[in-house]
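Here is a short tour of the structure for you to follow alongside the coordinates. Take a moment to get oriented, and then we can begin with a pocket.

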Amino acid sequence: MLKEAKVEEVLNLAEKYKDDMSKFLRDMIAIPSESCGEEKVVLRIKQEMEKVGFDKIEIDPMGNILGYIGHGSHVIAMDAHIDTVGVGDANLWNYNPYEGYEDEEIILGRGASDQEGGMASMVYAGKIIKDLALEDDYTLIVTGTVQEEDCDGLCWQYIINEDGIRPEFVISTEPTSCNIYRGQRGRMEIKVTTRGVSCHGSAPERGDNAIFKMAPILIELRALAENLMDNDFLGKGSLTVSEIFYSSPSRCAVADGCSISIDRRLTDGETWEYALQQIRNLPSVKAAKAEVEMYTYERPSYTGLVYPTESYFPTWVLPEDHIVCETLVDAYKQLFKEDPLVDKWTFSTNGVSIMGRYGIPCIGFGPGHEEEAHAPNEKTWKSELVKCAAMYAVIPKLYVTKYSNKNR
């Protein structure tokens, strides 16, 4: 447990650095950084890490930035993906999404909540750790990861497999409204394809229309979506058709190919094999002899590196009585004198690899709100930047203390 005086010092410094965090966040927002185009924002983060005194800073071959504080035996990571989605319809924005807007309470712009705000809080948590000598027997790695919006978790597949870094646990700083999130549904990107035979549109009976073959599949998929597995904590799995494609010699011909993309969300207990087989078992899929497969992701990072992976992002849940969850709850209570809300994300995060693929404990605490993600006029709250910086500064030391006490 931290001494009361130390708690006050942490809170005071977090408040003191509010303007620095706000400026840093606005600088990041001003740099367009969609997936595979993050280089300039990575360099801006490196500059800020150098300014506040990180012990070591690396940019790996994929383009992820890793800032180190401390040299202890317990390796702890905090993660923010620093790519963003695009702007969408610019007419829906009240302000330029890269110039943004700022007042006493909020900062507005693309990436404010999802999720460059988390990076601003992490970097200044590092400064608070340095200022107050909160280092203990730990090495803290602050990661700014790439390509999450395109392929969540790919960056951590690379960090674990190729950089050889395997922390004891990872805090995701995705937006949680300053609540503690301990899990999320997984997801898959599935492709269903029907094939036909083209002919002249004036005599369609001579051909075999692939689009007509797809029609009953769409109806049965909608029915399947209503009857997916449920879970008390994560909720129900979901399924939606997100894209449709065709091939045809012309507008005056019968289509010889049709494909759809399916966004499938997996609740606890559902596997990728189970989800694919559900679709393959549909009578319409069998009748059409349709192909059902997972997409793969092979887009190069901004460094040119290609790291292929299947588009499968596993479900994960951290038990509420896990030492990591207990550490965050204790930190919150000590800092803010109240009980936190412990909940889950609706959307997906890099935790799909960290815990979903590799079993490394992962937990979420971040500034910003889920509903702001990917929305026009995206914003975050300065008070949450401050609150998160305080939390990130004390969590590593509290964890080491709790771990040591548990293993005496």
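The residues lining the largest pocket are 10 charged, three polar and two nonpolar ones. Please keep in mind that this is a predicted model.

**The largest pocket**
- The space in the largest pocket comes to about 300 Å³.
- Its lining is made of 15 residues, and those closest to the centre of the pocket are Glu 149, Arg 265, Phe 347, Ser 348 and His 374.
- Two strands, S10 (186-195) and S12 (257-266), contribute at least two residues each to this lining.
- Why does the largest pocket lie between domain 1 and domain 2? Domain 1 (4-185 + 315-403) and domain 2 (186-297) both give residues to the lining, so the pocket lies between them.

**The two domains**
- According to the domain assignment, domain 1 covers 4-185 + 315-403, while domain 2 covers 186-297.
- Taken over C-alpha atoms, the centres of domain 1 and domain 2 are 37 Å apart.
- Where these domains make contact, 17 residues come from domain 1 and 12 residues from domain 2.

- An open sheet is formed by three strands in the order S4-S5-S20, with antiparallel pairing.
- Strand S4 (101-102) and strand S20 (379-381) are the edge strands, each pairing on one side only.
- S4 and strand S5 (residues 106-108) run antiparallel and are joined by two bridges.
- Which residue in S5 stands opposite Tyr 101? That residue is Leu 108.
- Helix H2 (residues 18-29) packs on the sheet and touches S4, S5 and S20. The direction of H2 makes about 15 degrees with that of S5.
- Helix H11 (residues 382-406) also packs on the sheet, touching S4, S5 and S20. For H11, the angle is about 60 degrees with the direction of S20.

**Backbone details to look at**
- Asp 114 and Gln 115 are joined by a cis peptide bond, with omega at about -10 degrees.
- Gln 115 belongs to helix H4 (residues 112-131).
- Cys 36 is not a glycine, yet it has a positive phi of about 75 degrees.
- Where is Cys 36 found? Cys 36 sits in the loop between H2 and helix H3 (39-52).

Definitions and conventions
Residues numbered from 1 in each chain as written. Predicted model: local features only at pLDDT ≥ 70, side-chain atom pairs only at ≥ 80, totals over all residues. Heavy atoms only, no water. Pairing = 2+ DSSP bridges. Helix = DSSP H or I, 4+ residues; strand = E, 2+ residues; numbered from the N terminus. Contact = heavy atoms within 4.5 Å. Axes fitted to C-alpha atoms, helices over the stretch in contact; angles between N-to-C directions. 1 Å grid on protein atoms, 1.4 Å probe; cavity = no way out; pocket = protein on both sides within 12 Å on 5 of 7 lines; lining within 4 Å. Points joined across faces, edges and corners; volume = space filled by probe spheres on them. Nonpolar A, V, L, I, M, F, W, Y, C, P; charged D, E, K, R; others polar. Domains from an automatic or database assignment.
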